[in-house]
Amino acid sequence: MKQITVAAGIILNAKQQLLLVRKHNTRFFMQVGGKLEPDEAPEQCILREIAEEIGCQAKIVQAIGRFETAAANEPDHLLVSHVFQVELDSAPQIAAEIAELKWIDLDDQTTPLAPLTREIVLPWVHRYLKTQA
């Protein structure tokens with residue numbers, strides 16, 4: 001199976017909503033992020049992708065881990081994701097290949113979510129917020 005390696009960011013706001021984006025000509029909402037360039041560290045990739053996709057500077061709060069899920073938009077591909085919790089320095093804006101961005105509530109049942117978001121990110125955010133309470 002072919003694999004795609006990406007860096008993905010978990011971005012929460014003060015209302016404990018999760019920032020998701022949808023790329024042009026795709027259906028699923030997913031974390032901000034993207035494919036690593038040759039010789040690029042995942043930490044560099046996520047900061048570059050945030051700047052390109054939503055026009056913000058960001059800082060990494062913590063590395064969450066490396067996860068494998070189905071790719072949302074490429075059938076028969078394995079997605080290998082380096083996931084980071086990040087904080088933005090300003091409000092996100094649509095840029096690059098982004099068609100839509102939105103903050104979702106953690107119990108959102110209507111937004112079509114990418115496998116990484118549904119299987120990894122949302123359960124992690126729920127656990128994280130319990131530890132912060």
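Predicted model: local features only at pLDDT ≥ 70, side-chain atom pairs only at ≥ 80, totals over all residues.

Let's begin with Glu100, which forms a salt bridge with Arg22, their closest N and O atoms lying 3.1 Å apart. This pair links distant parts of the chain, with Glu100 in strand 6 (residues 98-104) and Arg22 in strand 2 (residues 18-23), 78 residues apart. Glu100 has 31% relative accessibility, so it counts as partly exposed.

Next comes Lys23, whose side chain meets that of Glu53 in a salt bridge at 3.2 Å, N to O. Because Lys23 lies in strand 2 and Glu53 in helix 1, this pair ties together parts that are 30 residues apart in sequence. Both ends fall under the cut-off for buried: Lys23 has 16% relative accessibility, and Glu53 has a relative accessible area of 0%.

Glu37 sits in the loop between strand 3 and helix 1, while Arg48 belongs to helix 1, so the contact ties together parts that are 11 residues apart in sequence. Here the two ends fall into separate classes: Glu37 is partly exposed, with a relative accessible area of 43%, whereas Arg48, at 19% relative accessibility, counts as buried. These two residues also belong to a network of salt bridges that links Glu37, Glu40, Arg48, Glu49 and Glu52.

Along with Val6, Met30, Glu74 and Leu79, Lys23 is one of the lining residues that lie nearest the pocket's centre. That pocket holds about 380 Å³ of space and is lined by 24 residues, which divide into 12 nonpolar, 6 polar and 6 charged. Helix 1 (42-54), where Glu53 and Arg48 are found, is among the elements that each supply at least two residues of the lining. Strand 1 gives the most, with 4 residues.

Definitions and conventions: Residues numbered from 1 in each chain as written. Heavy atoms only, no water. 1 Å grid on protein atoms, 1.4 Å probe; cavity = no way out; pocket = protein on both sides within 12 Å on 5 of 7 lines; lining within 4 Å. Points joined across faces, edges and corners; volume = space filled by probe spheres on them. Nonpolar A, V, L, I, M, F, W, Y, C, P; charged D, E, K, R; others polar. Salt bridge = Lys/Arg side-chain N within 4 Å of Asp/Glu carboxyl O. Buried < 20%, exposed > 50% of the residue type's maximum accessible area, 1.4 Å probe, protein only.
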